[in-house]
Amino acid sequence: MEKITISISDRAFEYLNSTTDNRSKFINDLIERQEQLNFEHRLEQAYIDQEQDPEFHLEKQLWECVSGDGIVEDSHHA
């Protein structure tokens with residue numbers, strides 16, 4: 001665990017103190033939520049980019065032609 005010193009506005013400090021008894025946990029939780037939001041945004045953008053990629057769709061079509069080619073999952077032969 002790292003210890004740091006930060007500067008925040010008086011208003012932010014008052015809010016922080018009125019909201020929680022554990023400032024470190026509160027700030028860590030905020031950072032974790034922001035990390036999750038950033039990950040979700042990057043994932044969403046990757047899906048958008050994928051949908052707009054003609055090469056991806058061509059590759060997808062090539063693989064779709066093999067679906068139903070007789071390969072059956074058999075749990076008895078592992």
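Reader: Hey, what's the relative accessible area of D29?
Author: D29 comes out at 25%, so it's partly exposed. Here, buried means under 20% relative accessible area, exposed means over 50%, and partly exposed is in between (1.4 Å probe, protein chains only).

Reader: Where do these numbers come from?
Author: This is a predicted model, where local features need pLDDT of at least 70 and side-chain atom pairs count only at pLDDT 80 or more, while totals for chains, interfaces and linings use all residues. Residues are numbered from 1 along each chain as its sequence is written, and side-chain values use heavy atoms, with hydrogens and water left out.

Reader: How far apart are D29 and K25 in helix 2?
Author: They sit four residues apart, so about one helical turn separates them.

Reader: And how many salt bridges does the structure hold?
Author: One.

Reader: New topic: how many helices and strands are there?
Author: Three helices and zero strands. Both are DSSP runs numbered from the N terminus: helices are H or I with at least four residues, strands are E with at least two.

Reader: What share of the chain is buried?
Author: Buried residues make up 4% of the 78 residues.

Reader: What about pockets, what's the volume of the largest one?
Author: About 460 Å³. On a 1 Å grid over the protein atoms alone, a pocket is an open set of points where a 1.4 Å probe fits, with protein on both sides within 12 Å along at least five of seven lines; lining residues have an atom within 4 Å of a point. The volume is the space filled by probe spheres set on the points, which are joined across faces, edges and corners.

Reader: Which residues lie nearest its centre?
Author: I4, I6, R23, S24 and I27, out of 13 lining residues. Helix 1 (10-19) and helix 2 (23-51) each give two or more residues to the lining, and helix 2 gives the most, with five.

Reader: Where does I4 lie, and is it buried or exposed?
Author: I4 is in the segment before helix 1, and it counts as exposed at 69% relative accessibility.

Conventions:
A salt bridge is a side-chain nitrogen of Lys or Arg within 4 Å of a carboxyl oxygen of Asp or Glu.
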